[in-house]
Amino acid sequence: MRPCVPLIVAILCSLAWAEDPEEPEPFLGLEEEMLEAPASNLYSAPSSCRDRCHEAFDRHQPCHCNARCPEFGNCCKDFEILCGHEGFSYSRDAITKEELQSVSEKIYRADINKAQKADIILNSQNRISPSETRDHVDRCPEPLFTYVNEKLFSKPTYAAFISLLNNYQRATGRGEHFSAQQLAEQDAFLREVMKTAVLKELYGFLRHQNRYSSEQEFVNDLKNMWFGLYSRGNEEEDSSGFEHVFSGEIKKGKVTGFHNWIRFYMQEKEGLVDYYSHVYDGPWDSYPDVLAMQFNWDGYYKEVGSAFIGSSPEFEFALYSLCFIARPGKVCQLSLGGYPLAIQTYPWDKSTYGNGKKYIATAYVVSSTQ
């Protein structure tokens with residue numbers, strides 16, 4: 001990684017890019033399944049909060065279901081029943097930017113399982129401009145990872161995480177069917193991460209914010225939002241937030257998701273990933289850091305895939321969960337080691353679980369800003 005430098009907005013890597021408003025931003029524009037997501041008009045009853053909890057204000061709606069509707073007296077009649085139990089009922093429960101930055105710093109400090117500087121040697125090689133990401137040109141003859149201390153992978157959360165990565169069919173449209181063993185592996189991962197200081201920090205914060213009343217409620221919600229299946233393709237339940245974000249998928253001949261450094265390293269080691277170039281190298285001189293890169297995954301191309309490098313599985317899982325719960329469908333502004341970082345999440349709008357709650361569709365690093 002590069003030495004610490006003043007942070008810039010990652011999408012403004014070149015003036016030529018910034019001057020073209022028609023060009024999609026490299027961190028925000030490449031999750032094409034999001035472009036296909038329906039507008040917020042799927043709700044069966046516009047006068048109800050069913051499937052509408054925490055939606056953005058829309059003046060065309062006859063009543064509302066966002067955190068501020070009690071303040072303005074324009075909530076739907078079933079707002080308290082359908083949305084109140086999740087702790088978003090009142091504006092006083094809203095999570096502020098300052099609170100997000102504070103808790104993300106605590107999570108950052110709590111990540112004792114992250115890689116140390118000697119654990120990873122990166123060979124980032126050629127950096128390209130955002131305008132070149134569609135060229136499909138391999139500008140890096142060497143692998144991205146020169147060395148990884150695989151003793152990291154024997155740590156309980158790493159081992160539990162890695163056991164999940166081979167449980168998925170990467171092609172969308174092909175239904176996922178979990179065995180009893182694979183379901184047990186999901187539970188084992190959640191048990192291990194909940195033992196860490198990182199997840200204890202996150203849960204304590206969310207409970208203080210009235211999002212959850214017990215640790216079991218929190219764990220159950222994590223399991224549903226991350227591992228619950230839904231359909232990105234046909235009728236088959238072929239996807240989940242965990243598969244998309246951490247393992248990666250192929251849709252319409254392109255790589256989608258795949259935002260995890262451990263998965264990248266293991267696939268590169270097997271000869272299935274070919275690192276092409278990068279457009280952004282984060283500011284940290286230690287781990288975790290952030291890299292936005294181009295690569296070919298067993299014949300399929302990823303124009304820009306952002307990933308934390310050297311972070312523990314629980315660290316990524318916690319930050320993405322925090323942002324999805326606090327800022328679903330929005331840019332979530334955090335702070336890590338004194339540096340600002342933004343994460344974008346999207347909910348899956350076509351189906352829900354529980355009482356109208358939404359699954360994670362994707363989560364990834366958007367940019368760092370000064």
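The questions below concern a helix pair and the salt bridges of a predicted model.

Visitor: What kind of model is this, and which pLDDT do side-chain atom pairs need?
Guide: Residues are numbered from 1 along each chain as its sequence is written, and side-chain values use heavy atoms, with hydrogens and water left out. The model is predicted; totals for chains, interfaces and linings use all residues, local features need pLDDT of at least 70, and side-chain atom pairs count only at pLDDT 80 or more.

Visitor: At what angle do the axes of α6 and α7 cross?
Guide: Helices are DSSP runs of H or I with at least four residues, strands are runs of E with at least two, and both are numbered from the N terminus. Axes are lines fitted to C-alpha atoms, for helices over the stretch in contact, with angles from 0 to 180 degrees between N-to-C directions. The axes of α6 (residues 156-164) and α7 (residues 180-194) come within 9 Å, and they cross at roughly 155 degrees.

Visitor: Is α6 roughly parallel or roughly antiparallel to α7?
Guide: Angles under 35 degrees count as roughly parallel, over 145 as roughly antiparallel, 65 to 115 as roughly perpendicular and the rest as oblique. The crossing angle is roughly 155 degrees. Therefore α6 is, relative to α7, roughly antiparallel.

Visitor: How many salt bridges are there?
Guide: Side chains of opposite charge can pair when their charged atoms come close. A salt bridge here is a side-chain nitrogen of Lys or Arg within 4 Å of a carboxyl oxygen of Asp or Glu. By this rule the count is 10.

Visitor: How many residues apart in sequence are the parts that K223 and D187 tie together?
Guide: K223 and D187 form a salt bridge, with their closest N and O atoms 2.7 Å apart. K223 belongs to helix α9 (residues 215-227) and D187 to helix α7, so the pair ties together parts whose separation in sequence is 36 residues.

Visitor: Is R232 buried or exposed?
Guide: Buried means under 20% relative accessible area, exposed over 50%, and partly exposed in between (1.4 Å probe, protein chains only). The side chain of R232 meets that of E249 in a salt bridge, 3.1 Å from N to O. E249 is buried at 0%. R232 has 4% relative accessibility, so R232 counts as buried.
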